[in-house]
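Hi,

Here is the structure I said I would pass on. Could you open it up and read my notes alongside?

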Amino acid sequence: MPDAPQFSVTILGSGTCVPSLARSACSLVVETTDSKVLFDCGPGTMHRLLAAGITIFELSHVFFSHFHPDHTGEMAAFLFANKYAMPPQRTFPLVMGGGGGFSGFYEGLKHVYGDWLVLEEGLLSIREFDVAGSDGFDAGDFSISTMPMTHRPESIGFRLSSGGRSMVYSGDTDMDKNLVSLARDADLLVCEAAMPDAMKVPGHLTPCLAGEIAEKANVGELVLTHFYPDCEKVDIAKECRRAYSGKLRLATDLMRIDLTGMKEK
């Protein structure tokens, strides 16, 4: 029998804007048979990629959930490194995308940095996803779909499907029925749980609320991530279990989740 299509998720950063030696800014990479897809690129992401055994030149796509610096802070450095590595190491085009206004966000960075961020012709394409509803496209061995999230006007969550399996990344969001819809029956939901239940802040989830979303969506496994330091002081898993009965993990940097060979849904 032929080998099952590859599908794995590596949590690159499980933290926030708060500097931490243990938790880099929230980011993850998905590896399929033919593609490597990065979600968010905040401070420290490129170093975490190297620690995971992946160079930036292997990435086929980079998607941003929203424009806050802890999710986009290394975008300029990432493009600069892709352009000026000696000898040149990017040999195939990169697709970079985000929610509404992403093209203008990229142009704004170019206004600051100029040609330092402009890759050779044909090596970069910019994709802007609709934030009025669902959007997405097929990309060879995977498909991507998005829905708007409750955080910033440009905020979107992502669902990546490949070989009969699927993972969902919430980005930053408050309670949102769109996330339930996007994650419906997904094999894996990587969901933010920024603050403990007793410290809920607008625009972010807590462990119990993330668990409620995962339970409603009937996901195969829930991974909580994007922890502010206050999360280290409470039992995050216990709080999540108030609403969620399925398989649960608490993200740590460089945690790898292999979905290859799972029974297709």
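This is a predicted model: local features need pLDDT of at least 70, side-chain atom pairs count only at pLDDT 80 or more; totals for chains, interfaces and linings use all residues.

Start with the open sheet whose seven strands come in the order 6-5-4-3-2-1-14, with mixed pairing. At its edges are strand 6 (124-128) and strand 14 (256-258); each has a single partner strand, so one side of each has no neighbour in the sheet.

Strand 1 (residues 7-13) runs antiparallel to strand 2, with six bridges between them, and Ser8 sits opposite Glu31 of strand 2. Strand 2 (residues 27-32) is also antiparallel to strand 3 (residues 36-39), this time over four bridges. Val29 has Leu38 of strand 3 as its bridge partner. If you trace the chain from strand 2 to strand 3, you go through a hairpin of three residues.

**Helices 3 and 4**

Helix 3 touches strand 4, strand 5 (94-98) and strand 6, and its direction is at about 170° to that of strand 5. Helix 4 touches strand 5 and strand 6, with its direction at about 135° to that of strand 6.

The two helices also pack against each other. In general, a packed pair of helices is described by the angle between the axes and the distance between them. For helix 3 (residues 75-84) and helix 4 (residues 102-113), the angle is about 70° and the axes are 11 Å apart. The two are therefore roughly perpendicular, and the crossing is right-handed. Which residues make the contact? From helix 3 they are Met75, Ala76 and Leu79, and from helix 4 they are Phe102, Phe105, Tyr106, Leu109 and Tyr113. Sorted by class, that makes eight nonpolar residues, with no polar and no charged ones.

While you are in this area, look at the loop between helix 3 and strand 5, where Pro87 lies. The peptide bond joining Met86 and Pro87 is cis, with omega at about -5°.

Strand 11 (residues 188-192) and strand 12 (residues 221-225) are parallel and share four bridges. Val190 is opposite Val223 of strand 12, and Cys191 is opposite Leu224.

Is strand 12 covered or open? It is mostly covered, with five of its five residues buried. In a regular strand, side chains alternate between the two faces of the sheet. In strand 12, Glu221, Val223 and Thr225 point one way while Leu222 and Leu224 point the other way, and all are buried.

**Residues worth a click**

- Asn218 is in the loop between helix 6 and strand 12. Its phi is positive, about 60°, although it is not a glycine. With 48% relative accessibility, Asn218 counts as partly exposed.
- His226 is in the loop between strand 12 and helix 7 (236-240). It too is a residue other than glycine with a positive phi, near 65°. His226 is buried, with a relative accessible area of 0%.
- Ser162 belongs to strand 9 (residues 156-162). At 6% relative accessibility it counts as buried. Setting aside neighbours within four places in sequence, Ser162 is in contact with Phe7, Thr32, Asp141 and Phe142.

Cheers

Definitions and conventions:
Residues are numbered from 1 along each chain as its sequence is written. Side-chain values use heavy atoms; hydrogens and water are left out. Axes are lines fitted to C-alpha atoms, for helices over the stretch in contact, and angles run from 0 to 180 degrees between N-to-C directions. Angles under 35 degrees count as roughly parallel, over 145 as roughly antiparallel, 65 to 115 as roughly perpendicular and the rest as oblique. A crossing is left-handed if the near helix is turned anticlockwise from the far one by less than a right angle, and right-handed if clockwise. Contact means heavy atoms within 4.5 Å. Ala, Val, Leu, Ile, Met, Phe, Trp, Tyr, Cys and Pro count as nonpolar, Asp, Glu, Lys and Arg as charged, and the others, Gly among them, as polar. Two strands pair if DSSP finds at least two bridges between them. Buried means under 20% relative accessible area, exposed over 50%, partly exposed in between (1.4 Å probe, protein chains only).
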